[in-house]
Amino acid sequence: MTDNIELNYLDALWPAFEEALAKGMQLSHHAIHHLLSMAGELSNQNDWDRAWRAFCIARQFVKRSGDSDLLAQVASQRAFLYYQWGDLQGAALAWEEALARFRQLDRTQSIANSHSNLGIIYRSLGEMHKAEMHLRRALVFFRALEDRVGKVSVLSNLSVVCKSSGKTEEALGFGEQALDLCRLLQDKKSEAGCLDNFASLILTLGDSNRALACRHEALFLWKALGERREEAMTLNNLGIIYQIRGDVGQAQNCFNEALELHLSLGKDRSTPRNQGNRATVLVNLGLLYRDTGELSRARAHLEEALIIYQQIGWFRNIITTLDILALVHQSLGDLTTALACTNKALEMAQTGGYRSTEAHLWGNQGLIYQSLERLDDALKCYERALVLHKECNDQLGLLAALINIGSINRLEKRFKEARISHLESLEIARSLEYKEGLAYNLASLALIYNQLTDFSTALDYQEQALSVAKSIQHPELIWQIRYSRSETYRGLEQIINAVAELKKAVIIIERVRRRLRRDEERLSFFGAPKGNVYALLIAILHDYLKRDNEALEYVERSRSRAFLDVLEARGLTLPEGGEGEPLRFQELVGLLC
């Protein structure tokens, strides 16, 4: 049969290939290599039916020949097709087979390529120890071969793997070497990929301006190259930076544009690889919606992403999604489910050796314990997170751990230690231009001064915190600050101002609650922290201002269908009160707690 097969004539040749196989005929080595190459080219065009058919026919001819060189090529091409399709486990097994065969043949270049490919695969699977081992071996081979193109890919991927393992300085060095080398080679595609990886690295080190510039440069290159899938991934990554900087509108635009691009990929969008990339965007949108109070939308996006990750076996992404789902369940008041999510994610992170991810999980688990008033357990979690964040040189994580430790010290009345933690965290937030972290620290410092009865200083911090929280459209943080301000105004004996803050907090809580779509979400959402806002407002109106009609209005608002459902679920009934008299503060708190 011909050694030169054109794609346009391939369909007409299927019967001839099948007849040749049936008659025990052979193809020349050149023709088999050509057929394998065509399978790869067809996969790049997302023509998967013909790609797999070409590969399977070539493999049958190779099996018949028993040629060692061709068997190695078949294993390598099968791995490539699995990777393109998104079957990472299949790709790993196939490249392990190819590596073993190339070693037997002593093919140095192919051995180097196989190590590099296995490093990329194991990185994607989250098996960082295996990934680092293969990438370091590949780097030794590529240096010996003076293969600069191979070195670019290995260096860029080593930077990501080392960052995940907490080897920050080494990661930074690998990333800079990769960028310098691909620019020297004028390899725009590799440069775009290196820029994206490098942005992730320097973002964790706190340089959001440089990370943003790298991502925009990468986006420009992907657009110029016509690489829509990579363009979508970079848009998603840009959204993350904008979200950290507090630009909610820009972040949402980037995520939605990335989703549209994934959907525009035609039949290729159904491959596991692209499904996984789409799920990643859903996760980031879920986190954004959680922060802006759209908890039902957040939960729906995250659960959809989790199903996709579980289907395609993206281990590390499952951990991250469980982590963020825990935050959503916590905001909904479902602490039992939140704790189950973090426990499962922690177990997976420790198994996979993801130290940076584990650190964030300890922090989130501490938040749940704190909500459960298990302060000793919460502090232990925060301290473990702090140690790991320091080891990984993760500035964002360090900021969060310091906030959390400060909050425990405040609750335990260790005010000096709490203030030191929050001021240190505040400095990091300012250096990172991280507005959410800035707002949380300012609000926490206000709580300290409230407890020290320095109400004027507390009010100043609350003014600053509220301004930042409004700028990033963070409703949960805003109502918490307003609740805190009501306590400050009470300390200043400005009762009218205290009432005004509580009323504004109620409006925000009810606005978020109205967005909830599921009955169980409404049941868990209206728990004690939010209910105490109503309770305090009713108590002030009734006890201090004697405005019983207005107090009764808020009792009625608290008797919303969702509120009654919460009480009924706990086996409680709301008493009517004598002659319409509103509930007293302690009575209402007793029902809510």
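What share of the 593 residues in the protein chain is buried? Buried residues make up 56% of them, where buried means under 20% relative accessible area, exposed over 50%, and partly exposed in between (1.4 Å probe, protein chains only).

The model is predicted, so local features need pLDDT of at least 70 and side-chain atom pairs count only at pLDDT 80 or more, while totals for chains, interfaces and linings use all residues. Residues are numbered from 1 along each chain as its sequence is written, and side-chain values use heavy atoms, with hydrogens and water left out.

## The chain as a whole

The protein chain has 30 helices and 0 strands. Helices (H or I, at least four residues) and strands (E, at least two) are DSSP runs, numbered from the N terminus. The accessible surface of the protein chain comes to about 25,300 Å², by the Shrake-Rupley method with a 1.4 Å probe, and for residues only the protein chains shown count as cover. Carbon and sulfur atoms hold 49% of that surface. Of the contacts between residues at least 6 apart in sequence, 61% join residues at least 24 apart; contact means heavy atoms within 4.5 Å.

Two packed helices are described by the angle between their axes and the distance between the axes. Axes are lines fitted to C-alpha atoms, for helices over the stretch in contact, and angles run from 0 to 180 degrees between N-to-C directions.

| Helix pair | Axes come within | Crossing angle |
|---|---|---|
| Helix 12 (residues 228-244) and helix 14 (residues 272-291) | 11 Å | roughly 20° |
| Helix 12 and helix 13 (residues 248-263) | 8 Å | roughly 160° |
| Helix 15 (residues 295-312) and helix 16 (residues 315-331) | 10 Å | roughly 160° |

Angles under 35 degrees count as roughly parallel, over 145 as roughly antiparallel, 65 to 115 as roughly perpendicular and the rest as oblique. Helix 12 passes helix 14 in a left-handed crossing. A crossing is left-handed if the near helix is turned anticlockwise from the far one by less than a right angle, and right-handed if clockwise. Residues of helix 12 in this contact include Arg229, Met233 and Ile240, and those of helix 14 include Asn277, Val281 and Leu288. By class, the contact of helix 12 with helix 14 has 5 nonpolar, 6 polar and 4 charged residues. Here Ala, Val, Leu, Ile, Met, Phe, Trp, Tyr, Cys and Pro count as nonpolar, Asp, Glu, Lys and Arg as charged, and the others, Gly among them, as polar.

Helix 12 also packs with helix 13, and their axes cross at roughly 160°. Helix 12 is therefore roughly antiparallel to helix 13, and the crossing of the two is left-handed. Among the residues in contact are Leu235, Gly239 and Tyr242 of helix 12 and Cys254, Phe255 and Leu261 of helix 13. The classes in the contact of helix 12 with helix 13 are 10 nonpolar, 5 polar and 4 charged residues.

Helix 15 and helix 16 are likewise roughly antiparallel to each other, with a left-handed crossing. In helix 15, Ala298, Arg299 and Leu306 are among the residues that meet helix 16, where Ile318, Leu322 and Val328 are among the partners. The contact of helix 15 with helix 16 divides into 10 nonpolar, 5 polar and 2 charged residues.

## Single residues

Arginine 299 belongs to helix 15. Its relative accessible area is 12%, so arginine 299 is buried. The C-alpha atoms of arginine 299 and leucine 287, 12 residues apart along the chain, are separated by 9.0 Å.

Apart from neighbours within four places in sequence, serine 486 is in contact with Ala498, Glu501, Leu502 and Leu536.

Glutamate 463 lies in helix 23 and is partly exposed at 40% relative accessibility. Neighbours within four places in sequence aside, glutamate 463 is in contact with Arg485 and Tyr489. Its C-alpha atom is separated by 9.4 Å from that of alanine 446, 17 residues apart along the chain.

Glutamate 433 is in the loop between helix 21 (415-432) and helix 22 (435-451), and is partly exposed at 37%. Glutamine 473 is in the loop between helix 23 (455-471) and helix 24, and is partly exposed at 47%.
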